[in-house]
Amino acid sequence: MFFRIGTAAVLSATAWCAMAAEVPVTIGEPVIVTATRFEDRYLDKPVNATVITAEDIRNSVARTVPDLLSEQAGVIIHDFFGNNAATTTVDLRGFGVTGTQNTLILLDGRRLADNDLSGVQWSAIPLAAVERIEIVRGSGAVLYGDGATTGVINIITKSPSRIGNLAVAQAMAGSYDTVEGQIYANYFAGSFGFNFIGSSYNSNGYRDNNTNRQSNFQAEVRHLGERSDTSLKIGTDNQGIRLPGGRLVDPSAGINLLETDRRGAATPLDWAQRVGNRAMFDWLYETGAGQFNLGIGYRDKEQTSYFDQGGFPDFRVADLAVWSFSPRMKFAQPLGGVPNTLVAGFDWYRWDYQLRVSNSQANITQPFNTVDAIQENVAVYLHNTTQLTPRLSLVAGARSERYQIDASDFFDPTAPGGAFGSGAAPGHQEESEYAYELALRYQLTAQWAAIGRLGRSYRFANVDEIYEFGGPPLFSREFQFLRPQSAESYDVGVERRTARGLLRATLFLIDVTDEIHLDIFSTGIGNTNLPPSRRRGLELEAQQSYGPSLRLAANYTFTDAEFLEGVLPGSAFTQQNVSIAGKAVPLVPRHKVNLAATWAFAPKWRLSALASYVSDQFMDNDEGNTFGVKIPSYTLADLKLAWHEGGWRLSAAVNNLFNEKYYNYAVRSQIVPDRYSAYPLPERNFMVAAEYTFR
């Protein structure tokens, strides 16, 4: 039924658009790097790609990268605090709480996801540093491997060689005592250039105990040779944030803090600190046979956190360092007389992880648990694109990846707070997985094209997902190694591109085996491999420009995410024998709509607007769909007014214009039947900004 309805929607869109006068595609040759890991045109390839340009970013009402992504089809965000995207998760195509682990996020082609559950540090990526963002839906596992279940989002930072010599100073002030300053400079002459950006963000936040302090710096040095392109990028970020916890709702006890103390803090003593550094080296060389690219990367972070837990404190320091080595070659040589491009590559990643756990900051020099883990991933891949006819192109690719992890847990019973603890026995796991992709694009007319693809992806469990409380004895520490997750995915769609706009309709289906997920029902089990599940949906997108002054955009996403079979056994402390067969995956709304407009209504003036609707969704921990209360649907409206004159640009924005009281993350209790905790997000809030460009 779903695919009959979806197919009808696709055909209806095709018929409706066919009545419009066709406009030849006269724009240049846009390129992306995510689809092949080399800069390449993509309009003639079987890839479902969205490119958010620097102009799109400038005109958007978004303040952070996740805000910007949420304007796109298929993307849902879950935000805990609404404070500069701290702890925000991005989910593509309906994986809910594990969306971050199933949507691969890249920064300049390097993965930002680590082998823990800390997530992407979105606030370390200022929008002012971003040149464009490439979203490739469905594909990516062959080229990028682990975690690209639903696709790849690649954030490309500004390059010295692509913009003029300039310096930009920007200041922003907003609600909740929010202030931000940024300085950006770029220089390029002859074959050499550099740029840098520094930013500082301070906010007290919408919630009590949610002060957020963030500073970032990044720089790039670039040299262009006659046949080479060499780049070195470095960056650092530092965040300190207070953590207010959720707002408790417990009807049986007469408690509803969402209504009586919406902005209060449940955990006034909790906080976290993160310091990160990164360096990326890329060397591209044009050989007689094709392009060779050598990528070397390093990234580290230290995460410190304190959770009071009602007088049972938990203090943690996690240190992580990751090295990457990624040589690859692009051979653009005819095959059988037709154009053909082969990309062959090798990926090596190594993570060194250490976690120290104590009961206070003063005692961390003698932790009661010290967890060490070394993870190594090694992969080879081939990705081939053939232009079979002037209208028909074919992509075929395969990847093989080996995963190895060694983990240990040193327990010190003499450490303060360690008398009743335990340590996990050392563990070792080796796994091998593979991915493949087969895709076709047929150019129906000068503007219309049809695209179809199928593929296989995989995901390995990270260190936080295998280090758990187990048993027997009850609540003892252990490493619970999990099977790799795999998924078979299918996409079919049509699109119409003109010089003034885009129309696209896509149906997708993802069948997941051994999904890695938290089982909160069963004692002695942390994360586990779930029974089979399925995601299927429809994405509709439309963009149209009316001259240089007006641009309209709209998209709609329908997502049906459900468990196909299975029963979670539960325990004496939770529900028992929880049937999840046919039940909806929590934290996945079925419907999402975005309407956007940007209008240059007078010389030097531009008004941007966004309206978004997200339907209701089951709460986290409600795999059985039995709780009876959902996260409510919500509708948001944002406006931004901008004026520019010479080097000056001034703007003012209002977010959540109609003062919607909403939240998009909540978790149900497994102890008290009607209790849950929700994380309310900011009501109507304001921002003003001033920017000056020196040239």
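Biologist: Is Arg-247 buried or exposed?

Modeller: In this predicted model, Arg-247 is buried, with a relative accessible area of 2%. The cut-off for that word is under 20%, so Arg-247 qualifies as buried.

Biologist: Which strand is Arg-247 found in?

Modeller: Arg-247 belongs to strand S15, which covers residues 247-250.

Biologist: And what lies 2.9 Å from a polar atom of its side chain?

Modeller: That is the backbone oxygen of Asp-261, at 2.9 Å from a polar atom of the Arg-247 side chain.

Biologist: Which residues is Arg-247 in contact with, leaving aside neighbours within four places in sequence?

Modeller: The contacts of Arg-247 include Arg-207, Leu-257, Leu-258, Asp-261 and Arg-262. Also among them are Tyr-676, Ser-677, Ala-678 and Pro-680.

Biologist: Let us move to another arginine. Where is Arg-453 found?

Modeller: Arg-453 sits in strand S24, residues 448-459. Arg-453 is buried, with a relative accessible area of 9%.

Biologist: Where is the place of Glu-437?

Modeller: Glu-437 is in strand S23, residues 427-443. At 9% relative accessibility, Glu-437 counts as buried.

Biologist: How many residues apart in sequence are Glu-437 and Val-142, and what is their C-alpha to C-alpha spacing?

Modeller: They are 295 residues apart in sequence and 6.8 Å apart in space, C-alpha to C-alpha. Val-142 is also one of the residues that Glu-437 touches, and others on that list include Ser-139, His-383, Val-395 and Leu-454.

Biologist: What does Tyr-353 touch, not counting residues up to four places away in sequence?

Modeller: Tyr-353 touches Asn-115, Asp-116, Ala-318, Asp-319 and Leu-320, among others. The list also includes Val-371, Val-463 and Asp-464.

Biologist: You mentioned Asn-115. Where is Asn-115 found?

Modeller: Asn-115 is in the loop between strand S7 (110-111) and strand S8 (130-137).

Biologist: What does the side chain of Asn-115 make a polar contact with?

Modeller: The partner is the side chain of Gln-375, at 3.5 Å. Other residues in contact with Asn-115 include Trp-351, Tyr-353, Asn-462 and Val-463. By contrast, the C-alpha atoms of Asn-115 and Ala-415 are separated by 27 Å, the two being 300 residues apart along the chain.

Biologist: How many cavities of 30 Å³ or more does a search of the whole structure find?

Modeller: The search finds 9 cavities of 30 Å³ or more. The largest cavity has a volume of about 240 Å³.

Biologist: What lines the largest cavity?

Modeller: The lining has 20 residues, of which Gln-101, Ala-113, Asp-114, Asp-146 and Asn-462 lie nearest the cavity centre. The lining divides into 6 nonpolar, 9 polar and 5 charged residues.

Biologist: One last topic, the backbone. What phi does Gln-309 have?

Modeller: Gln-309 has a positive phi of about 55°, although it is not a glycine. Most residues other than glycine have a negative phi.

Biologist: Where is the place of Gln-309, and is it buried or exposed?

Modeller: Gln-309 is in the loop between strand S18 (291-307) and S19. At 52% relative accessibility, Gln-309 counts as exposed. Asn-625 likewise has a positive phi of about 55°, and Asn-625 is in the loop between strand S36 (605-614) and strand S37 (634-645).

Terms used. Residues are numbered from 1 along each chain as its sequence is written. This is a predicted model: local features need pLDDT of at least 70, side-chain atom pairs count only at pLDDT 80 or more; totals for chains, interfaces and linings use all residues. Side-chain values use heavy atoms; hydrogens and water are left out. Helices (H or I, at least four residues) and strands (E, at least two) are DSSP runs, numbered from the N terminus. Buried means under 20% relative accessible area, exposed over 50%, partly exposed in between (1.4 Å probe, protein chains only). A polar contact is a pair of N or O atoms within 3.5 Å; within protein, one must be able to donate a hydrogen and the other to accept it, and residues adjacent in sequence count only if both atoms are side-chain atoms. Contact means heavy atoms within 4.5 Å. On a 1 Å grid over the protein atoms alone, a cavity is a set of points where a 1.4 Å probe fits but cannot get out, and a pocket is an open set with protein on both sides within 12 Å along at least five of seven lines; lining residues have an atom within 4 Å of a point. Grid points are joined across faces, edges and corners, and a volume is the space filled by probe spheres set on the points. Ala, Val, Leu, Ile, Met, Phe, Trp, Tyr, Cys and Pro count as nonpolar, Asp, Glu, Lys and Arg as charged, and the others, Gly among them, as polar.
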